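User: I'm new to this one, could you walk me through it?
Analyst: Gladly; have a look at it, and then ask whatever comes to mind.

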Amino acid sequence: ATALLALVAQPALATTELNALVWCDHTDDAFIKPFEQANDVRVNLKEFEGTGAALSIIEQSQPGDWDVLITDGVDVPRLVEAGILGELPADQLPIDDLWPEVVLADKHVIDGKTYGVTELFGYNTIAFDANAVDAADITDMSVLWSGKFKDRIAVYDWSLPMIGLVAMGIGKRTDELSVDDIPEIREALFALKDSTAQFTDVVSSQTALATGEVDILFGGGEWLTAVLSSEMPNLDWILPEQGGLLWSQSVGRFADASNPDMALKFIQYIVSPEGQKALATSSCYWAMPANMKTGELLSDAEKRALRWDQQAEYLSRAQLYPQPGGELEEAMEDLWSEMRSR
């Protein structure tokens, strides 16, 4: 009987397999199981955090090892240039259903061909414990490197967005940054470091704020607090007067995918309202679904946690990550390493 049960439970009985490099929200059974069952496929997921980590995995893989890739929206062009992502049939994707501001055609469409589609988005901004911090005291982002909240701040440990957010805090636009801005950014960044109690990843960020280790997370947002909204309504987030940094997740198909047809089906599921609903409220972190029709599936409580009704305003006050690649990203990485080592 035990052997029979083991055989019945074996997921490898699916007639085909799909291999995907994903962020942690895609590993929830509530998201992945409906697709597997509907398509008689086993989806093998490998989780990573950050495009650099994905590139390292890809470099160590054989052609055809991977079918689907989740990545930062701003990273799609360099992945196309490297020959990693292949073309997607735009007419088979619900692009007209996406929030217009996150379609990112300048990133996803190259020489008239579509290589990525936005699945989720959100904001790197300021998350905080409302029982310990008055929102009115942090509406000016620069107060976080004034010393007022010394040792009460955690910083999300991701160089490009955090440096971009600091740049916004001192009045710069992320799409206009150059290496000439680094010295001024450095001054504010090192002042922020002086007030920082810890640097954290996604999971550690949630833990630090939820347990009271810190009162503020620089770089936090709905992705941090929404998932805890029912248990800890005191955890909140704001877009300060300088605005927030818009992050977006894109999904693409590998140029050398072994199962391109199933990869396309998976991408179509990801950007469908049903797939979006599951991703938007995953156990790892919550995020804004890119497909506007997902609102029909979200509860009122979920909409409130995600600030669904405020998205038009928030998007108008958001800026994208600094453009990755080239001497600017190299200078930012060097700056971050210098700051972290002190």
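**Charges, a helix and some salt bridges**

Analyst: As a starting point in this predicted model, glutamate 333 has its place in helix H14, which covers residues 326-340.

User: Is glutamate 333 buried, exposed or partly exposed?
Analyst: Glutamate 333 counts as partly exposed, because its relative accessibility is 33%.

User: And which residues form the negative surface patch?
Analyst: The negative surface patch is formed by Glu333 together with Asp180, Glu327, Glu330 and Asp334.

User: Changing topic, which residues of helix H3 are buried?
Analyst: In helix H3, which runs over residues 51-59, the buried residues include Thr51, Ala54, Ile57 and Ile58. These four cover an arc of only 115° around the axis, and therefore they sit on the same side of H3.

User: Why would residues a few places apart point the same way?
Analyst: An α-helix has 3.6 residues a turn, so residues three or four places apart point the same way.

User: What does the face of H3 turned away from the buried side carry?
Analyst: That face of H3 carries the exposed residues Gly52 and Glu59.

User: On to salt bridges, how many does the structure hold?
Analyst: The structure holds 15 salt bridges. One of them joins the side chains of aspartate 137 and lysine 148, with an N to O distance of 3.9 Å. Both residues lie in the loop between strand S7 (117-129) and strand S8 (153-156), so the pair ties together parts that are 11 residues apart in sequence.

User: What about arginine 152, which residue does it form a salt bridge with?
Analyst: Arginine 152 forms a salt bridge with aspartate 215, and their closest N and O atoms are 2.8 Å apart. This pair ties together parts that are 63 residues apart in sequence, because arginine 152 lies in the loop between S7 and S8 while aspartate 215 lies in the loop between helix H8 (202-210) and strand S10 (216-220). Arginine 152 counts as partly exposed at 27% relative accessibility, whereas aspartate 215 is buried, with a relative accessible area of 15%.

User: Which residues are linked in a network of salt bridges?
Analyst: Asp75, Arg78 and Glu329 are linked in such a network.

Terms used. Residues numbered from 1 in each chain as written. Predicted model: local features only at pLDDT ≥ 70, side-chain atom pairs only at ≥ 80, totals over all residues. Heavy atoms only, no water. Patch = residues over 30% accessible without salt bridge, like charges linked within 9 Å, V, L, I, M, F, W, Y side chains within 5 Å. Areas by Shrake-Rupley, 256 points an atom, 1.4 Å probe, with all protein chains shown as cover. Salt bridge = Lys/Arg side-chain N within 4 Å of Asp/Glu carboxyl O. Lys, Arg positive; Asp, Glu negative; His and termini not counted. Charge placed at Lys NZ, Arg CZ, Asp CG, Glu CD. Helix = DSSP H or I, 4+ residues; strand = E, 2+ residues; numbered from the N terminus. Buried < 20%, exposed > 50% of the residue type's maximum accessible area, 1.4 Å probe, protein only. Arc of directions from axis to C-beta.
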